[in-house]
Amino acid sequence: MSRSPSFSVKSELSLKADPDALQRWVVAFCIIRFDLEQGQLIEECYPPGCLTQEEELEVAFSSFPDSVSQHQNRSSIHDCIFFFRFRRQKHSKQGNVTSSEITEIDDKETTSTLEEEKYIRRSRSIGISKSSKYLYGYVFNRQRHDERLKRGGEQKSVVILSHGPYSSVFRPLLQIMGPLYFDIGRKAIEHIAGYVSLWPSPVPGKLMELPIGNAMLKVNLPPAHSLPLESGVSYEESASSMAPFLPNNQSVPQGLFHDSDIFGTFRGLLLQLWLLWELLLIGEPILIIAPTPPQCCEAVASLISLVAPLLCSVDFRPYFTIHDPEFAQLNALQEGDKYPPMVLGVTNLFFLKSLRNIPHIVSVGSPVPSSSRVTISSRSAGRIPGKPEGFGLQQLSLKKFSPSSLLNAVKMKRDGPLCLMTEHKEAIWSTYVATTKPDTSILNRLIDAGMSPRVEESMSVVNNEILRRHFLELTTNFLAPFGPYFRATTPSEGSSPFADPPPLPPFNADDFLMSLSARGVGKFLSKRMRSNWLDLYRRFLKGPNFLPWFQRRLAVAENEQHRLWRQARMKTDIHLLISRMPELEIVDCFNAIERHLLGEIQLQQSGRAVSDSAAMCQKLKGDLQAVFNLLPNDMQQLLLLNPQRAAFLQGSSSPELTKLPGRPSIQVGDVSSSSPR
């Protein structure tokens, strides 16, 4: 792997990193060396002091390939890029919502001021603080083989630590930074940190252009609805961008790791993708084993990307080692104990023994270094070389049901995952029976590119797009029955937009399942699922993904409803509205407008107001004045006894004379605020 020729460090340019600006993207840059006497050592950590001693140890142990998993590579230099994810020791606690809270959330009565607070809090703080629950480590590892050195070589890793799952950013950045560090040393860290601190804040779901030297990284960030609440950025979510609605723009990423190579990683297990989709959907524990860290990372990332646009709340570890503090807890689980919902990517074969009771094990990848993609031509006979061909059901069926394959399958099932100790094979061990049937039309559209690496890469992009679109549609249709619970309403014609909007429908799992059973799952899924499809929904409701997704989606729907009603207040002709009201409703309208006005003012004073808050305040003051002018004189005098209310009314622009048919006209200026009690 060589440094991009378009990148160069300008010697006359001296950039100093802004620590606060750097934190928007990067927590730290680390240089870690493997020492024969002392093990993994952190040589550099920039900026210093940002990690605890325990975190430094975990980063150091996770930044090198397992020696047990590595086959000998006699080339002089071997580079690889992978990433890991680990839990921070100290982090801010996030509130969890229980099913009972979801059932009762709409039964609570709140004032308009509280509604304003909830709206602003959700649209601004659905993000993460600097004390994230997890950190991501992106690694450029270099192994240099030299027979003159002890053990025949040395290895060192360049690591970027970040709050966010931004593999689309840090993978190309490492392709620049890694070789640059081995060329010029510590200066590379200072230069890269300086450029990164100049980047704008991350904007989820957008194409961003990030300058680095004289190069430009053009990257798509994952959308806001796919990011966990502790990913280190602030963002707003729109109702149109979240499942169960189909995205308007199919080219925009809809989930995490949208650039992962699904086809290249699982091409030997394509018929099992629907099984894996279900396992992740319901939050089953999965162990993924591959020969190298890049392969197991790609497998975990690809698997997570299958459930987009669902917010994935399963704990996933792209590269997990025995040094992780949580390994001891997993290793202590006895037969019959339940594993937590997680996806573990490993390379060390020791996990096959230590975690032998984990219910689902997936083996992917090729043991041959630097050839993680096995050419299809070696697996299919009778092809015309160089001619693109469908990687369809016929090929897969012939391979799957040939006598030799059948015998191998029986042998692998009998021996279990421990057969990988002698020979690596692509396989899945699971007793779970999938509800969703493999879609043969999708498999028939996949293209076999043959031997040419260039054609292979471009065809893999096409195949990934086909697979990703299919599973996006599959997940979106699966979530569609929940849509009515997130349907925002607008004020009906002739009604007052100043009243509190009606609550969204409360959710009850039993009622939902009963209703869904009566009306059916829909045409799209009924063709692709077996008759026990309702059991899949039951498992999903009990799994770890449902509550966080539902809570997040409910918050966005409430924000959207608040926005629609707020917009309606802005457009309402107050004179036309109150001309149809009896006197009692006019009084209620006055109180409602005053509550909304107080809410806007409080948000302005706290610095949490939205962009059009000033215009909204002006509009509400005018509406309050208009309604006040229609109230009886004695009621006006009572209302003006409140100094704050009197300031609203008397502090407005010149008193407006409002005259409606059959109503007396009154001016605020005619009423004294110092009337006797």
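Modeller: Side chains of opposite charge can pair when their charged atoms come close. The rule used here for a salt bridge is a side-chain nitrogen of Lys or Arg within 4 Å of a carboxyl oxygen of Asp or Glu. By that rule the count is 22 salt bridges. The model is predicted, so local features need pLDDT of at least 70 and side-chain atom pairs count only at pLDDT 80 or more, while totals for chains, interfaces and linings use all residues. Residues are numbered from 1 along each chain as its sequence is written, and side-chain values use heavy atoms, with hydrogens and water left out.

Colleague: Which parts does the pair R33 and E43 tie together?

Modeller: The side chains of R33 and E43 form a salt bridge at 2.4 Å, N to O. R33 belongs to strand β1 (residues 28-35) and E43 to strand β2, so the bridge ties together parts 10 residues apart in sequence. Helices (H or I, at least four residues) and strands (E, at least two) are DSSP runs, numbered from the N terminus.

Colleague: What distance separates N and O in the salt bridge of R528 and D439?

Modeller: The distance is 3.0 Å. R528 is in the loop between α17 (523-526) and α18 (533-542), and D439 is in the loop between β13 (427-429) and α14 (440-445), so this pair ties together parts 89 residues apart in sequence. Both R528 and D439 are buried.

Colleague: Which residues are linked in a network of salt bridges?

Modeller: The network links R85, R87, D315, R317, D324 and E326. Within it, the side chains of D315 and R317 meet at 2.9 Å, N to O, and both of these residues are buried.

Colleague: Now a helix. What span should α9 have?

Modeller: The expected span of a helix is 1.5 Å times one less than its number of residues. Helix α9 (residues 293-305) has 13 residues and should span 18 Å; its end C-alpha atoms are 18 Å apart, which agrees.

Colleague: How many residues of α9 are buried?

Modeller: The number is 12 of the 13, so α9 is largely enclosed by the rest of the structure. Among them are P293, C296, V300, L303 and S305.

Colleague: Which backbone features should I check in the loops?

Modeller: Start with the cis peptide bonds. The bond from Y46 to P47 is cis, with omega near -5°, and P47 lies in the loop between β2 (39-46) and α2 (53-62). The bond from A308 to P309 is also cis, with omega near 10°; P309 is in the loop between α9 and β9 (315-317).

Key
Buried means under 20% relative accessible area, exposed over 50%, partly exposed in between (1.4 Å probe, protein chains only).
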